[in-house]
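Subject: Two-chain model, handover and findings

Hello,

Here is the structure I promised to pass on. Please open it alongside this note; my findings follow below.

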2 protein chains.
Amino acid sequence: MSLRIALDGMGGDAAPGIVVDGAALACEADPELRFLLFGDEGRLKPELDKHPSLRRAVELVHTPDAIGPEVKPSMALRQGRNSSMRLAIDAVRDGRVAAAVSAGNTGALMAIAKIVLRTLPGIDRPAICGVFPSRSRPVAMLDLGANVACDAGTLVQFAVMGTVFARALLRRETPVIGLLNVGTEDLKGDDVVRRAAAMLKQSPPPIRFGGFVEGTDIVDGAVDVVVTDGFTGNVALKIAEGVARLFRDSLKEAFTGTLRGKLGYLVARPALLRLRERFDPRRHNGAMFLGLNGVVVKSHGGTDALGFSNAIRVAADLVRQDTNARITEEMGAFRHALEPVQGAAAS
Amino acid sequence: MSLRIALDGMGGDAAPGIVVDGAALACEADPELRFLLFGDEGRLKPELDKHPSLRRAVELVHTPDAIGPEVKPSMALRQGRNSSMRLAIDAVRDGRVAAAVSAGNTGALMAIAKIVLRTLPGIDRPAICGVFPSRSRPVAMLDLGANVACDAGTLVQFAVMGTVFARALLRRETPVIGLLNVGTEDLKGDDVVRRAAAMLKQSPPPIRFGGFVEGTDIVDGAVDVVVTDGFTGNVALKIAEGVARLFRDSLKEAFTGTLRGKLGYLVARPALLRLRERFDPRRHNGAMFLGLNGVVVKSHGGTDALGFSNAIRVAADLVRQDTNARITEEMGAFRHALEPVQGAAAS
């Protein structure tokens, strides 16, 4: 059965090229995909012409407007009504597509998605949820930056959404939730994380609380889902990205700086390529805006076609797993059990 | 001129071996060092006997008590009065040594140091300040975990202390301060970081404010000193540690898993060893408890002798650069200028 996804053709550092090339890659792997592609026809048409295979899969919707990377969310809301980003989200609301994918301005995308799609029943605030490689298996983490401050109840809602997300995208039966903190002992951290931990400990299924985790535990894959506020999550994400990139670049330097380095690389190449593939950030590209009444996936702005195709795959997967219906259902059942727990933790 | 440093002989995962071996390494590089070594004589004596060169440099002070890694700070304060850690800090207070170094329990060490040494004039809260490798040159960062929550005024005090620290330890003439945030635009982040930024912008020398920085900027070495609250700083530190370790381990696996990998390693070895040395965490071991009326350096608990010797070097360097007197002086001059700024930002 075909699955229709809206694409923001103008979002991302290397748009529109990576969007169209990414759509072609995604289609190759998953021929059921169909796209509504929003953006400047004059720039998108030549890109589409490179991929005859996309002719039947893509419907191009022309709009000259686009939201730049530096535009503030409030401005994007007011002046971006005909932007490629806004029209892609509108298409989700109108049921013309099952999901939207954009590599554009994160703040603008979140603001537009919140206003246009609204939150799911029982969810106060949406969160950005991504997936990262670890020593063992991939780990989901939220919030990556939608909410700079969160109260304990919000963190518990994130835990429910993260559980459903990990089941859908990572295929974990009963995902273990970790709460990011500065130590694993009960007394560590501020009031918010301690109260959230008290609530999660007493929470009914689907919550399976694994306690506090530290940065090193995330990297070791100690839990399936890491819950934190958007400030800490965003800093953690960008530190991890930065360190990983620094290592990749330094390794490359070591292998290209000397003749022995170059020779050594050639000999060890198969093992090094496997290593590179394992930690390739493009393979983990695509963060979902969880808690909205619609599937919206944010691709990294600096990604290439392969990374963008992965974000499309994430969107398709989340739609097919009926993630939002499951969140609504779990949250409904959970809320009844949650309220007395919240009351107890507050008192 | 000789410089006396107190060592907590019983702190650290591999104590007392790494403490004594680390002291020997430090002495080799810096023959002016003298040590007061606190701990269990029965365990320290055999370690000392391995290093005849230390005979004249070390004075052993026996105590059977030690503070374990899991002991809570409050318990360490009440029951640890004769512990090796406490006696090392007492020696700083009494002027018998110029500094103390411990690889023990961080929370206990901070609690004891605060009670015994008190804060410097003008400083409300001490902070943990460490140094990290970056793409270009090392970067100092504070707070790494002493204060889970900070107000804007505290972050500004950290900026003054960080400036003096970077001058002393990193030899930067006029260090640029970055404030860790989730984006670099003025509107990003919560009230605390925005207010701190407003205050830092109007701050007189020694503050040279470079604006907000993100995780990737730290890794790229965009500023000399990164200021943040202890919650975010601790998470950032442990994520960076975790990712770096994961990369090192995975690279090792790639080079040992296959015959081609092993051969490639042998050929590229000189370049790979240089790379390893550059990012060796032991070379950056030793975080200072800044803002206390005495120099206390915390070594990573899991370090080895080389790492511990580096923590000793950091302590010696900070003493010789008269870091605490300089903080008091800068803070005194700065406070007069700070108060109206604080008032303006609060209104």
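In chain A of this predicted model, eleven strands make up an open sheet. Their order is S3-S2-S1-S4-S11-S10-S5-S6-S9-S7-S8, and the pairing is mixed. Strand S3 (58-62) and strand S8 (209-213) of chain A sit at the edges. Each has a single partner strand, so one side of each is left without a neighbour in the sheet. From one strand to the next, the twist averages 25°.

Strand S2 (residues 33-39) of chain A runs parallel to S3(A), and five bridges join the two. Within that pair, Phe35(A) stands opposite Val58(A) in S3(A).

Now the helices of chain A. Helix H1 (residues 17-29) lies across strand S1 (3-8), S2 and S3 of chain A. H1 of chain A runs at about 175° to S2(A). Helix H5 (residues 106-117) of chain A also packs on the sheet. H5 touches strand S4 (99-102), strand S10 (287-290) and strand S11 (295-298) of chain A. The direction of H5 makes about 175° with that of S11(A).

Chain B next. Its eleven strands form an open sheet of mixed pairing, in the order S3-S2-S1-S4-S11-S10-S5-S6-S9-S7-S8. The edge strands are S3 (58-62) and S8 (209-213) of chain B, each pairing on one side only. Neighbouring strands are turned by 25° against each other on average, direction ignored.

Look at the S6-S9 pair there. Strand S6 (residues 139-142) and strand S9 (residues 225-227) of chain B pair in the parallel sense over three bridges. Leu142(B) has Val227(B) as its bridge partner in S9(B).

Two helices of chain B are worth a look. Helix H7 (residues 191-201) of chain B lies across strand S7 (177-180) and S8 of chain B, at about 165° to S7(B). Helix H11 (residues 305-320) of chain B packs on the sheet. The strands that H11 touches are S1 (3-8), S2 (33-39), S4 (99-102), S10 (287-290) and S11 (295-298) of chain B. The direction of H11 makes about 160° with that of S11(B).

On to the core. Nonpolar side chains tend to be buried together in soluble globular proteins. Here, the largest nonpolar core has 252 residues. Those with the most contacts inside that core are Ile5(A), Ala99(A), Ala315(A), Ile5(B), Ala99(B) and Ala315(B). Take Ala99(A) as a case. Leaving out residues up to four places away in sequence, Ala99(A) touches Ile5(A), Val92(A), Val295(A), Val296(A), Val297(A), Ala315(A), Leu318(A) and Val319(A).

How are the two chains related? A rotation of 180° with 0.0 Å of shift along its axis superposes chain A on chain B, with an RMSD of 0.0 Å. That is the relation of a two-fold axis. In chain A, the C-alpha nearest the axis belongs to Gly264(A), 2.0 Å from it.

Best wishes

Terms used:
Residues numbered from 1 in each chain as written. Chains lettered and ligands numbered in written order. Predicted model: local features only at pLDDT ≥ 70, side-chain atom pairs only at ≥ 80, totals over all residues. Pairing = 2+ DSSP bridges. Helix = DSSP H or I, 4+ residues; strand = E, 2+ residues; numbered from the N terminus. Axes fitted to C-alpha atoms, helices over the stretch in contact; angles between N-to-C directions. Contact = placed C-beta atoms within 7 Å. Core = buried A, V, L, I, M, F, W, Y, C linked by C-beta atoms within 7 Å. Buried ≥ 20, exposed ≤ 12 C-beta atoms within 10 Å, placed from the backbone. Least-squares fit on C-alpha atoms with pLDDT ≥ 70 in both.
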